[in-house]
Amino acid sequence: GASPSVSCWRCKRAFSRSSSHFKNEFCPLTHAVVALGCFSPCLIDKTYKSRGKRTDIAVQSALRLFRLSSGPFLLPVPAPVTSMPSACEPFVDDIEDMVSSHDLTSLQRQFSRQSVVPRVRKRKEQPPAEELQADSVIPGTQKVWMRTWGCSHNSSDGEYMAGQLAASGYKMTDNPSDADVWLLNSCTVKNPAEDHFRNSIKKAQEQNKKVVVAGCVPQAQPRMDYLKGLSIIGVQQIDRVVEVVDEAVKGHSVRLLGQKKDNGKRLGGARLDLPKIRKNPLIEIISINTGCLNACTYCKTKHARGDLASYPIEELVERARQSFQEGVCEIWLTSEDTGAYGRDIGTDLPSLLWELVKEIPEGCMLRLGMTNPPYILEHLEEMAKILNHPQVYAFLHVPVQSASDSVLMDMKREYCCNDFKCVVDFLKNKVPGITIATDIICGFPGETDKDFQETVELVRKYQFPSLFINQFYPRPGTPAAKMEQVPAQVKKQRTKELSALFHSYNPYDHKVGERQHVLVTEESFDAQYYVAHNKFYEQVLVPKNPEFKGKMIEVDIYEAGKHFMRGRPVDDARVFTPSISQPLLKGEVSGIPQNCQNGFRSPLASTALIGQSWRLDGEGLKLLSVGLALLAIVVFFVFEKLH
């Protein structure tokens with residue numbers, strides 16, 4: 001809507017929109033104001049871009065006035081003012097010379113600025129922050145219930161696993177209902193033991209418990225259907241039980257079934273100085289080797305434990321020394337075959353035993369485990385001397401399994417019945433009163449009535465005071481399972497007949513009236529008596545007097561049963577304490593100093609802290625968290641100061 005011509009308010013000249021007067025005259029500042037009403041701001045920018053610094057200042061000032069206003073405008077032409085400089089003056093001294101009464105005041109500029117609506121800059125939308133998926137389960141704070149089946153070697157493994165879990169913060173409980181995790185330590189010798197194991201897994205799953213399995217069954221048959229999805233600890237991996245239980249608690253499945261080796265040579269198993277919780281604080285079970293040299297056709301344990309692998313003598317002696325320092329008064333040596341000890345490392349069983357007896361305090365006792373006849377025959381003289389030692393029980397477990405040589409051959413037992421008789425006769429002659437325990441299998445494949453009668457005659461001749469009678473069970477994967485089986489009814493009948501023979505005699509009747517020294521170590525199943533053992537490892541029940549527990553006392557035998565005798569403490573006899581220190585409390589972790597029992601959770605892999613991990617309870621976890629937070633703050637400030 002502007003007119004086609006306009007007058008410059010200073011020079012009074014009229015200009016049209018197409019005029020180029022402003023390009024040639026030497027009044028660029030005035031022409032800039034005229035152009036403001038005549039031309040678009042972009043044209044002004046383009047026209048004056050090359051006019052020099054002073055012209056640029058004027059143009060930019062005009063543009064600012066233009067943008068602060070509501071739109072393009074024309075400055076009105078005022079009446080002539082005589083005081084103002086003429087239009088022909090060569091230049092304007094300063095930009096303030098432009099100001100007149102018709103210019104916008106600062107207040108007007110501010111007002112016009114308020115009418116400007118700023119454009120809102122659109123911000124780029126940020127993706128939502130990813131939520132941290134924190135694990136609500138903290139391993140090491142749960143309750144664990146453990147069940148062990150089988151031999152004393154398996155019991156020792158269970159004690160080691162319980163000790164490591166407790167040292168890492170887990171609470172071992174005797175109540176399976178209260179537990180968050182069930183640790184099931186299995187035995188594969190017979191079908192009934194595996195059946196109990198399988199039923200326990202099913203029961204745990206029905207109660208939504210976390211399940212970890214260990215022992216010989218999963219080691220020998222890890223692909224069994226009922227083991228699918230379960231975490232497994234191999235028999236040589238018990239030192240990693242904490243790792244496996246940690247992962248099981250998180251819902252993961254872990255299987256550790258490998259063998260421990262040193263430079264390609266198989267080792268006896270996990271370290272002997274690991275933390276453990278002894279089932280009986282007075283008894284230490286030490287496995288001196290794992291596996292065996294035989295290949296019995298009925299044995300499934302061979303599939304799990306493998307070939308012979310022995311611990312060095314110095315490690316075993318050190319373990320025994322540590323046990324006595326913790327109040328233990330009785331040590332059991334165990335393995336699949338103690339008689340074969342050392343054959344893989346260039347030593348033998350008598351060499352180990354002579355070193356061990358040097359460490360046994362007065363009144364403490366050592367009990368030998370099972371040994372097969374072939375490996376004890378060449379050491380009979382030395383073994384007789386050791387069994388006569390006052391700190392060694394005159395007791396030996398020598399399984400015969402059958403008195404029939406043909407059956408023994410089918411079993412691949414590598415000895416004959418006469419070898420067994422030689423061992424028994426020699427030891428009975430050299431170690432008066434010795435207790436020989438043995439095992440017998442009834443109904444092995446191919447066993448005839450004649451074979452069985454030979455076994456009956458052997459039992460009748462020696463009247464073993466301790467006899468383990470087992471009905472044959474074919475174990476999957478063994479050669480005996482593929483042999484022609486004896487009918488089940490025949491097996492049951494033979495087992496019943498042999499059991500009747502065993503219960504027909506009383507091995508302890510002749511000992512009534514004797515005075516014996518006995519070591520009190522256990523409590524009877526009915527909790528009415530304490531259980532003690534004499535020099536021949538015969539069971540003697542004594543009154544349940546707390547003063548007797550863990551002591552060597554003198555008793556008079558006044559009654560004898562099939563499996564035990566009863567003794568009356570001698571009134572004026574001295575109660576002797578064999579332990580060189582106070583025994584640990586039940587459930588207390590072996591190998592950990594008393595002042596560290598409730599400390600921090602320590603990594604068991606650290607060589608400096610092996611066997612010295614600490615228990616972590618709820619309060620300890622809170623204190624640890626606060627302490628770590630404070631430590632992090634201090635480290636941060638120190639770092640800032642240094643940099």
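The side chains of Arg566 and Glu559 meet in a salt bridge, with 2.9 Å from N to O; a salt bridge here is a side-chain nitrogen of Lys or Arg within 4 Å of a carboxyl oxygen of Asp or Glu. The model is a predicted one, in which local features need pLDDT of at least 70 and side-chain atom pairs count only at pLDDT 80 or more, while totals for chains, interfaces and linings use all residues. Residues are numbered from 1 along each chain as its sequence is written, and side-chain values use heavy atoms, with hydrogens and water left out.

The two partners of this opening pair differ in their cover. Arg566 has a relative accessible area of 16% and is buried, whereas Glu559, with 33%, is partly exposed. In these terms, buried means under 20% relative accessible area, exposed means over 50%, and partly exposed lies in between (1.4 Å probe, protein chains only). Side chains of opposite charge can pair when their charged atoms come close. By the salt-bridge rule, the count comes to 28.

Two further pairs are worth a look. In Arg515 and Asp556, the closest N and O atoms of the salt bridge are 2.7 Å apart. Arg515 belongs to strand β19 (residues 515-523) and Asp556 to strand β22 (residues 552-560), so this pair ties together parts that are 41 residues apart in sequence. Helices (H or I, at least four residues) and strands (E, at least two) are DSSP runs, numbered from the N terminus. Asp556 is partly exposed, at 22% relative accessibility. Lys450 and Glu454 also form a salt bridge, and their closest N and O atoms are 3.0 Å apart. These two residues of helix α17 (residues 449-462) are separated by about one helical turn, because they lie four residues apart. Lys450 is exposed at 57% relative accessibility, and Glu454 is partly exposed at 30%. Beyond the pairs, a network of salt bridges links Glu159, Lys276, Arg278, Glu284, Arg319 and Glu326.

The next element to consider is helix α6. This helix (residues 152-167) has 16 residues and reaches 22 Å from its first C-alpha to its last, close to the 22 Å expected at 1.5 Å a residue; the expected span is 1.5 Å times one less than the number of residues. Of the 16 residues in α6, 15 are buried, and the helix is mostly covered. Gly169 follows α6 and has a positive phi, near 110 degrees.

A cavity is a set of points, on a 1 Å grid over the protein atoms alone, where a 1.4 Å probe fits but cannot get out, and lining residues have an atom within 4 Å of a point. Grid points are joined across faces, edges and corners, and a volume is the space filled by probe spheres set on the points. The count comes to six cavities of 30 Å³ or more, and about 110 Å³ of space lies in the largest cavity. This largest cavity is lined by 15 residues, and the closest to its centre are His153, Asp157, Ala270, Ser287 and Tyr311. The largest share of its lining, three residues, comes from α6.

Backbone angles bring two loop residues into view. Most residues other than glycine have a negative phi. Asn208, although not a glycine, has a positive phi of about 60 degrees. Asn208 sits in the loop between α7 (191-206) and β6 (210-215) and is exposed, at 69% relative accessibility. Tyr537, also a residue other than glycine, has a positive phi near 55 degrees. The loop that holds Tyr537 runs between β20 (529-533) and β21 (539-543), and Tyr537 is buried at 13% relative accessibility.

On the surface, Val626, Leu630, Ile633, Phe636 and Phe637 form a nonpolar patch with about 520 Å² of accessible area together. Patches are made of residues with over 30% relative accessible area and no salt bridge, where like charges are joined within 9 Å and nonpolar side chains (Val, Leu, Ile, Met, Phe, Trp, Tyr) within 5 Å. Accessible areas come from the Shrake-Rupley method with a 1.4 Å probe, and for residues only the protein chains shown count as cover. Leu630 lies in helix α19 (residues 618-642) and is exposed, with a relative accessible area of 52%.

How values were computed:
On a 1 Å grid over the protein atoms alone, a cavity is a set of points where a 1.4 Å probe fits but cannot get out, and a pocket is an open set with protein on both sides within 12 Å along at least five of seven lines; lining residues have an atom within 4 Å of a point.
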